[in-house]
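Here is a briefing on sheets, helix packing and domains. Keep the structure in view while reading.

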Amino acid sequence: MSFWRKKKMKPLEGVTILDLTRVVAGPYATMILADLGARVIKIENPGDPDYTRDFEPYLVDGDKRQSAFFAQYNRNKEAITLNLKEPRAKDIFRQMVQKADIVVENYRAGVMDKLGVGYENLKTYNPKLVYTAISGFGQTGPYSTWPAYDNSGQALSGLWSMNGMPGEPTRIGTIIGDLAATFFGAIGTLSAYIHAQKTGQGQLVDVAQLDASLALTENAVSNYTVGDQVQQPLGNDHPLCRPYGKFRAKDGEVFFGGYTDRFWKTTCEFFGEPGLLQDPEIDTMAKRFDEEVYNRRILPKINQWFSAYTCQELQDALAEKLPLTAIHTIDQVLLDPQLNHRDMFIDYAYGNAHGKLFGTPIKLSETPCDTSGRAPEIGEGNARIYQEFLGYSEEEIRVLSEEGVL
């Protein structure tokens with residue numbers, strides 16, 4: 001057992017979150033908070049639950065199955081069903097809000113207000129409530145009511161136009177806009193919660209996927225507004241540094257960032273050509289960055305050097321001295337000793353079915369995260385949670401279920 005798992009105290013223990021989210025941006029944000037110890041109660045419409053429950057591949061245990069995708073973003077949660085289109089369900093939800101600290105939802109802006117349980121309504125029942133709304137375009141503005149996917153944010157924020165090979169803008173190969181909204185959503189929620197604890201005043205946390213995507217465009221905005229440059233796809237090149245990118249080894253490819261004078265010196269000495277350090281055409285970082293000089297002198301030399309070694313040999317020899325790492329495929333990633341040392345892969349069990357999921361990057365020395373919890377089945381906590389929050393009997397829960405409220 002690693003150092004990170006020795007201690008049991010949880011930093012958000014005692015915090016109750018009502019989670020109305022689905023897919024990734026919202027569920028991942030609430031899972032981060034659940035890993036940190038918050039009690040997260042996932043609330044789903046019984047007739048229209050989180051549809052990632054049906055995403056392949058499945059963990060299969062006899063005649064039961066669970067989506068590995070769903071499990072990845074919903075561990076450590078409890079689950080109930082509640083159909084907020086029903087008037088009785090709205091009353092139930094408002095009663096639960098009075099006993100909660102945080103509500104998180106990721107519907108299109110205005111949906112919760114139309115249901116009568118948006119922030120303006122709920123804060124009258126719990127003035128201390130933190131209400132986090134993660135949406136495609138935010139709660140205000142001309143696009144606020146538009147539907148959105150991750151690609152929407154990548155397209156409008158400029159991320160799409162900047163990625164890929166020169167002349168070929170390419171979608172970033174992961175749901176980076178959703179993930180950015182996840183992290184900003186979690187940060188905003190915790191900030192508002194701390195404020196509420198200090199002042200007794202809750203607030204609306206409004207996080208837009210488009211805004212979050214724009215915040216990932218590095219220096220593209222300043223390059224245009226100050227330098228009059230519209231960022232274009234650079235492939236594996238870098239606008240300010242050379243050599244800095246992907247290079248071919250004997251058996252694969254590596255990332256190499258030996259552009260500084262110090263790193264270039266280490267590289268030349270390792271490959272037995274220290275004389276290059278006195279070559280007046282390439283003896284400074286600025287000279288080596290010149291595109292014509294780089295393509296004529298530096299790139300062929302690196303290709304010559306690296307082609308004689310495997311990725312692992314290069315990494316073993318140089319990774320402690322300069323930025324050089326193998327470019328891993330995901331099967332190789334699972335074997336990486338650093339990631340395994342950091343507990344970044346957890347063993348997840350669904351009955352007799354097992355799989356590996358990623359853990360949490362947050363490492364706290366005194367109050368470590370707990371990633372051991374499983375993802376819940378639909379409505380599995382109905383009897384226990386409704387009895388605990390509202391004192392409902394099994395018969396009352398059965399009737400409400402039959403009436404389509406739960």
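Helix α3 lies across β1, β2 (39-44), β5 and β6, and runs at about 155 degrees to β1. The model is predicted. Helix α17 lies across β1, β2 and β5, at about 85 degrees to β5. The points below start with the sheet under these helices, then move to helix pairs, the other sheet and the domains.

**The six-stranded sheet**
- Six strands make an open sheet, ordered β5-β2-β1-β6-β7-β10, with parallel pairing.
- The edges are β5 (77-81) and β10 (203-208); each has a single partner strand, so one side of each is left without a neighbour in the sheet.
- Direction ignored, neighbouring strands of this sheet are turned by 20 degrees against each other on average.
- Strand β1 (residues 16-19) is joined to strand β6 (residues 102-105) by three bridges, and the two run parallel.
- Leu 18 has Val 103 as its bridge partner in β6.

**Helices α3 and α17**
- Two packed helices are described by the angle between their axes and the distance between the axes.
- For α3 (residues 87-97) and α17 (residues 382-390), the axes come within 10 Å and cross at roughly 65 degrees.
- Angles of 65 to 115 degrees count as roughly perpendicular, and therefore α3 is roughly perpendicular to α17.
- The crossing of α3 and α17 is left-handed.
- From α3, the contact uses Ile 92, Gln 95 and Met 96; from α17, it uses Ile 385, Tyr 386, Phe 389 and Leu 390.
- By class, the residues of this contact are six nonpolar, one polar and no charged.

**Helices α1 and α8**
- The axes of α1 (residues 25-35) and α8 (residues 176-199) come within 8 Å, crossing at roughly 45 degrees.
- That angle makes α1 oblique to α8.
- What is the handedness of the crossing of α1 and α8? It is right-handed.
- On the α1 side, the contact residues are Ala 25, Tyr 28, Ala 29, Ile 32 and Leu 33.
- On the α8 side, they are Asp 178, Leu 179, Ala 181, Thr 182, Phe 183, Ala 186, Thr 189 and Leu 190.
- The contact of α1 with α8 has ten nonpolar, two polar and one charged residues.

**The three-stranded sheet**
- Three strands form an open sheet in the order β11-β12-β13, and the pairing is antiparallel.
- At the edges stand β11 (245-248) and β13 (324-326), each with a single partner strand, so one side of each is left without a neighbour in the sheet.
- From one strand to the next, the twist averages 30 degrees.
- Strand β12 (residues 253-256) runs antiparallel to β13, and three bridges join them.
- Val 254 stands opposite Ala 326 in β13.
- Helix α14 (residues 311-318) packs on this sheet and touches β12 and β13.
- The direction of α14 makes about 150 degrees with that of β13.

**Domains**
- The chain is divided into domain 1 (16-217 + 343-403) and domain 2 (237-329).
- Their C-alpha centres lie 44 Å apart.

Definitions and conventions. Residues numbered from 1 in each chain as written. Predicted model: local features only at pLDDT ≥ 70, side-chain atom pairs only at ≥ 80, totals over all residues. Heavy atoms only, no water. Pairing = 2+ DSSP bridges. Helix = DSSP H or I, 4+ residues; strand = E, 2+ residues; numbered from the N terminus. Axes fitted to C-alpha atoms, helices over the stretch in contact; angles between N-to-C directions. Contact = heavy atoms within 4.5 Å. Domains from an automatic or database assignment. Parallel < 35°, antiparallel > 145°, perpendicular 65-115°, else oblique. Left-handed = near helix turned anticlockwise from the far one by under 90°. Nonpolar A, V, L, I, M, F, W, Y, C, P; charged D, E, K, R; others polar.
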